[in-house]
Each structure stands twice: as structure tokens, then as C-alpha cells.
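Have a look at the structure first, then go through the points in order.

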Amino acid sequence: MPGYRPRLRAGLVLRPPERPGAPPRLYDPHSGNALPLREPWQQAALPLLDGTRDAEAVHHALASASGGAVAPPSLEAVRCLLQSARYLRLTEDTDPGALARLEQARRDPAGHAARVPWRVLRGGRFACQRSGNCCRSYALGPLGPEDVAALQRLQRLAERFPALGERPPVRTFANPDAPGGLEHHLQQAEHGGCVFLLEDNRCGIHALYGPEHKPAMCQLFPTSAVLTLEAKFAFDRAECHTYGTSAFGGESYPDRVRRLLPLLEQQASRQLFHPQIALDEALAIDFAYFLVFEQHVVAVLGEPCGTIAEALLALRAANAHLLAAVAHSDDPAARPEQVLAAVAAVPPRARYASEPLAAGERRAGLGALAALLREMYAACERTILRSGHPGMLRKHGEGIEAARAAAVLCHLEASGQGLQALPRGDPAAERIRAAAALPLSLAAPRCDRRLRRLLQDVVFSKDYALCPSWLHACARLVALLVLVLVGARLAAVRAGRERPADADLDRAQVQALRLLRLPLLAELPLRLAQLRAICASPALPLGTAGAAPPPG
């Protein structure tokens, strides 16, 4: 039976590389998607996608055209090219109605936002714990023009906030990328936090003028929103310093959306969020298709079945199903949305049927993870620690230390060594030894619940769209867990505790997310073999997963 025979749509544009080292791309001005053409044979294959050839015929034609002078691509590579064109909506069998909706949503995001519903993470909640850390530890801006005008209208600010002195409530500095070339932030107090933060960690604007007078970013924190083709998503960015408590109590996210609806609608309706998603180096799909799988991943990670380590194996099983289903969608009658729906229809609990990793698989995964963590903290040290900027050092120092310690622990197990391999008398090595010895059971319901919710929030917030591929994003999820578990133990050691407390997990989580969300790490060139090994064998090193560390 003949396989899928794609015909490229008219109007596609072959664009040259955007920068040195980047590939040319086959761009669609209607969807905004672009098929990267990393190999010369891919560009040569485009004229063959005329509706008369399936993957085997294209492969044969390319092999014949090469005349044996160069090795032809594999049949699997050709299949991936054809399916990427299909799943990026570049072929004539694309639903014209979906393309029209996409174009309309890009032109008029506000109108589109008014027509689609809100979606939130099931079970999501938020309750401010008044730690004050969000008012001390994050950039106090940028503020929108409405926020600036509202603050300037408030009466008796200097009288009520003596730390403000003669200064205006907002500091302004030049930024060529900001609207009007200017960026606005709240004024800082001597301690570096917001000048309006009261001694009891309450917001002074909230307390003295009412919550509606706070800047939008303060009212929304830690919630954000995006507009997609199917819905508006409101989500927790998992950046609260008391996440282990704040994310499990207080108002539900549906209630939160209703209360903050005008601000969330304003944020979501600015533009359509519709990036294309590279599954790996060979396959790419349209964001609307991937969203179906995203919701399945969120359900799998939240399934109360097994441990968090087993949840990583369940994610691996779901990814393998997705890649196989997309790469081998040879049935011309099977539309992409049907293929994704079939993948997502598998019960989340069924993904937990994987066997535990064998010893060799664990070592391979941990060795690759150690290399990834080394590259991460080395890049951070080059750009942050050596900058000497005290604010950057304070903000990322603990995260970098956690990445260095996690890399050491992963390497020790991958290479078959124990903690006895750590040098005696070295302060950093002694902290790692002490941290690895602290008990932290991942099977404990409270710990398991918060780690699952963390991974759910990170995926639901669409952080993966900032990564070069879903493969990168999944490797970063493994790294995130390890950084949180190692960082929590290090925080407990610094505090002199016998076991990590919720506050240690909260602190480690904030530090890990800050590190992983740095733009320099999103752009870090990583080896594909390394990423595949992490995702194929997602392991948590001994001494972080509640198991006894090697002797020493």
C-alpha cells in the first residue's frame, strides 16, 4: 500500500540562513512555521514533494540522483522530513480552516482572546505566605505605563514611605528594546528590595491603598498567562519562595483567574503564542498539535503512581510513543490531530509500566547528566561569577554550587566510585559528602506531591518552548529535579539541619529555576548524544533520591 505522498503548498518561501551556522528554512508566511533544511539533500528533496512520491520513492530518487558519489540519506531521515512538512502545516492536505484561524489570531490577538476559553492546571492553587522574598529577590520591573501613572497618582507616598525620600516611586533608565526606549522599575530600598515593602513583609501599597493599586506584575505574581490558538492558559511559574506551601493552599486557580481577569486578559491578548516545536533534531510539529501532547504529559506527571523517578520513566514512554507515531504516520487518511489524539488517549497510569533502569542504563544516563551539569555551571561561572557583579553572585551563587555538586554526584555513580573518592579536607567536597548523607525520602507523600506539581507547572507554563527542542526540555526536567534535591540538601547543611526542610526545598527550587531559565543556558550548544542518553535513561543519583549513598 502506498504511503503518505505530500505535496508542498504554494506560497512557501525558501529563506537563507538567519545567522552564521544556521540552516536555510522553508518558511510559510501563513502559519509562521519554517522547516529547517540542515542537510543539502533536504533542499534537493523539496521538488520531489509533488504529491506523487511517498518516503520510499523520495529516498530512491535521492539515491539515484547522487549516483553513488555521496551517501544518500537514510529512509528514516526521509520519513522525518516528509512528516515534519506535514506536521508543520506546509502540505496541501493541511486544513485551510485551521490556517485561516491561525492567520486571524496573529492579526487580531485581542479579538481571538475574546473567543477562546481559559485553561488552568487541575488542582492548582495559590496562597501568599508573606515571606517578602518576591519583593526582595526579583527584578522590580519592568512596569507598564499604566502602572507608572497609577503610582504617580498615589498621595502622601513620601510621608508613608520615608525610605523613598525625595525620589519618585519609579526609577527609569534607557533600554532601546523597551517601548519608547525607556524601562521603568519600582524604587529600591537600602536592602535591595522594594521600597514599599513593610517590616512585617506586607506590601505597603496593598496595605495602605488597596490591592488594586499595586502594579500588575505584583498583583499577578507568580501567575502568568499566554494566548494560544485553542485557549488562554493561566499558570504558576513556580517561582514563589514558599512554593511547597503556597501552591497547595488558598484560592483555586479558577477563582484566581476570575479575580484577576482584567489583568490576565490584558496580558494574554497582547500576542498569539504559537512557536513551532522541534521534537528532536529531525522532527518538528506545529504548536497546536503539540499542545495535545503537552496536556497528556501534564496528566502523566501528575498521576499518583510510583515515585518521581518512575514518573521520569513514564515520560520517556510517552515521548517514545509520540516520536514513533509522528515519524511513521504513513497512512494518508490519518490526520495529524488524530495521531496526536491517539497518543494522548493512552491512560496516564499505563505509561508507568516501564521496567526500572538497568545498572548500565543508569550509568549512561548519569554520565550524560554529569556532563550537562558541568557545561551548565561552567557557562554560568564564565558569565556570572567572573563578572564580579554582587547582585548576580548573590542571585545565582547557590544554584551554581548545586549544579557543581550534582555533577560530582552523578559522575561518582556513573564511574562506579563512591563518596570516598572525594578529597578529604576540601570544603566543597566535605559539603557534598555531608549533603549526600542527609535523608530525604522521595516516597514521602508531601515530597512526591510537590515534585510532581513542580514538573507539571514547568511543563504547563510552556517553558519547553524556550528550548531548542523538546529533547532539550526533557533533559532539563531531569536536571531540574536533581538540582532541587541536591540544592535542598546543601541548604540544610548550611543551616545545620539533620534533614532538609520544606524551606530548603523551596530555596533550592527557586535557585534551580533561576539557573535553568537563564538565556545563556537556553542557547548553550549541547551534544545530541548527551541529551538522548539523559532522556533515554533518566536517573537520579544515589544520595539525591533517598537511597543510601555509596560508602565513604
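1. Is R130 buried, exposed or partly exposed? With a relative accessibility of 45%, R130 counts as partly exposed, since that class lies between under 20% for buried and over 50% for exposed. Please keep in mind that this is a predicted model. R130 belongs to the loop between β5 and α6, and its phi is positive, about 55 degrees, although R130 is not a glycine.

2. R156 is another non-glycine residue with a positive phi, near 60 degrees. You will find R156 in the loop between α6 and α7 (157-160). Its relative accessible area is 47%, so R156 is partly exposed.

3. Two cis peptide bonds deserve a look. One joins G141 and P142, with omega about 0 degrees; P142 is in the loop between β5 (125-126) and α6 (145-153). Another joins F221 and P222, again with omega about 0 degrees, and P222 sits in the loop between α9 (216-220) and β8 (223-227).

4. On to the rings: the count is 10 aromatic pairs. In one of them, the ring centres of F293 and W470 are 6.2 Å apart and the planes are at 85 degrees, so this pair is edge-to-face. Because F293 lies in helix α13 (residues 287-302) and W470 in helix α20 (residues 470-495), the pair ties together parts 177 residues apart in sequence. Both F293 and W470 are buried. Ring pairs also link F290, F293, Y464 and W470 into a cluster.

5. Lastly, charges over rings. The charged end of R404 sits over the ring of Y377, 5.3 Å from its centre, while K462 lies over the face of F460, 4.6 Å from the ring centre.

Terms used. Residues numbered from 1 in each chain as written. Predicted model: local features only at pLDDT ≥ 70, side-chain atom pairs only at ≥ 80, totals over all residues. Heavy atoms only, no water. Phe/Tyr/Trp six-rings, centres within 6.5 Å; stacked < 30°, edge-to-face > 60°. Helix = DSSP H or I, 4+ residues; strand = E, 2+ residues; numbered from the N terminus. Buried < 20%, exposed > 50% of the residue type's maximum accessible area, 1.4 Å probe, protein only. Lys NZ or Arg CZ within 6 Å of the ring centre and 35° of its normal.
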